[in-house]
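I opened a notebook for this protein and wrote down what I looked up, one entry at a time. The model comes first, then my entries.

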Amino acid sequence: MLTTGECNLECKYCGGSFPNSCVPREVTFDIKNLRRLVEGDPDGSIAFYGGEPLVNAEAVKEIMDCVHAKRFIIQTNGTLAQRLSGKYWSRMDSILLSIDGREEVTDWYRGKGIYAKALGAAETFRRQGFRGDLIARMAVSEKTDIYEDAMHLLKLGIFDHVHWQLDVGWSDSWVDFDGWCSDSYKPGILKLVQEWRLALSAGVVLGIVPILGILKRAREGGDCPPCGSGSTSFAILPDGQVRACPIAYDAAWAICGDLRGEVPLKPCAIEGECLECEYLKVCGGRCLYMNKERLWGIEGFSKICELTKFTIDAFRSLEPDVFDALRRGVVDSELVDYPKYNNSTEIVP
Ligand code: SF4
Ligand code: SF4
């Protein structure tokens, strides 16, 4: 549920608010229609999204007061955390807090002082009674050192899990994407694998979402794409339009329905070469928006696939270690079974 298209920040890789004409600032449809949709599904959950969803905190409160969802999730930059009271924070199942890693990386992309504000927000959530899954949600771009930044967030001891999404496929801000992949990201992924393996041997499961999620998909499969967009998960715009993916606010292919009418939801699926790809079960086509839009062209799409396959192979090299740790009873199987529900992490970075 996008409560507003407005964001109070202007991060470098995103640029801030959606155009007002496409994603309005206020919720204008009848909440009863959302209630009917969510409560008609035994697993019906609501994830608040924006813009920054707390710019329109009144809508978050109204929806939480009116709709009996199985779970509530929020993706927030944390700067407006005080706009919700403990009555609401304590009812959230998952909070995805935007933070990119070390202070200098976060503040470079998100604005000066944002790192400190995000950590302050994390404290606020806990103080206000939030007992759910606190996930650091990183956007990963050229200044990111994935090993240093992900480990930094884990070592803070504040977050239950760390997740990241690559700033690829639409961004035009890269100077040397190929060099960053070969010299920074891929070596960083391999170091994370080593770190995860070492921790596991000591009975500790590091909360790295892409590792846990990819291992789970390798065992069980799952939605295509992993975020569920267009199949089990839909983006509801403030005016009631239902779209496959929140980013696809203006694409014709993404229109799935409308909460102002009685039209049933129309699914929207991954297509093209993904359907023939041997990685499909685990990758899930990675991202529906990328699958449809190809803003980096065929060559760019192939580069991202190559990186995705590298990441999947690297993380799947941990399968024997997990099997062995479970067999020896070193770790509890519950800890490696993650995510338990679609918490709006995309799994495949
Ligand atoms: S690796 Fe590329 S082609 Fe294969 S399923 Fe994933 S996105 Fe599709
Ligand atoms: S992963 Fe892609 S399809 Fe899924 S919500 Fe994000 S942008 Fe949309």
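I began with an open sheet of 3 strands in the order β6-β7-β8, with antiparallel pairing. Helices (H or I, at least four residues) and strands (E, at least two) are DSSP runs, numbered from the N terminus, and two strands count as paired if DSSP finds at least two bridges between them. β6 and β8 (255-258) are at the edges with a single partner strand each, so one side of each has no neighbour in the sheet. I found 2 bridges between β6 and strand β7 (residues 241-243), which pair in the antiparallel sense. Ile236 stands opposite Val242 in β7.

**What I am reading.** This is a predicted model, in which local features need pLDDT of at least 70 and side-chain atom pairs count only at pLDDT 80 or more, while totals for chains, interfaces and linings use all residues. Residues are numbered from 1 along each chain as its sequence is written, chains are lettered from A and ligands numbered from 1 in the order in which they are written, and side-chain values use heavy atoms, with hydrogens and water left out.

I noted an open sheet of 5 strands, ordered β1-β2-β3-β4-β5, with parallel pairing. Its edge strands are β1 (45-48) and β5 (161-166), each of which pairs on one side only. From one strand to the next the twist averages 20°. Helix α5 (residues 114-127) packs on this sheet and touches β2, β3 and β4 (133-140); contact means heavy atoms within 4.5 Å. The direction of α5 makes about 165° with that of β3; axes are lines fitted to C-alpha atoms, for helices over the stretch in contact, and angles run from 0 to 180 degrees between N-to-C directions. Strands β2 (residues 71-76) and β3 (residues 94-98) run parallel and are joined by 4 bridges. Ile73 stands opposite Ser94 in β3.

**Domains.** The domain assignment gives domain 1 (1-131 + 232-268) and domain 2 (177-231 + 269-349); such bounds come from an automatic or database assignment. Their C-alpha centres lie 24 Å apart. The contact takes 17 residues from domain 1 and 17 residues from domain 2. About 1400 Å² is buried between the two domains, and carbon and sulfur atoms give 55% of that. Buried area is the accessible area (1.4 Å probe) that two parts lose on being put together, summed over both. Which three residues supply 40% of the area that domain 1 buries against domain 2? They are Thr232, Trp253 and Cys268.

**Ligands.** Around ligand 1 I listed Cys274, Cys277, Leu280, Cys283, Gly285, Cys305 and Lys309; a residue is listed if one of its heavy atoms lies within 4 Å. Elements α9 (280-283) and α11 (297-316) each give two or more residues to this shell. Residues around ligand 2 include Gln165, Cys227, Tyr289 and Glu346. Domain 1 and domain 2 each give at least three residues to the ligand 2 shell.

Most residues other than glycine have a negative phi, and most peptide bonds are trans. A cis bond joins Gly50 and Gly51, with omega about 20°; Gly51 is in the loop between β1 and α2 (57-66). Another cis bond joins Cys224 and Pro225, with omega about -5°. Arg286 has a positive phi, near 60°, and is in the loop between α9 and α10 (288-293).
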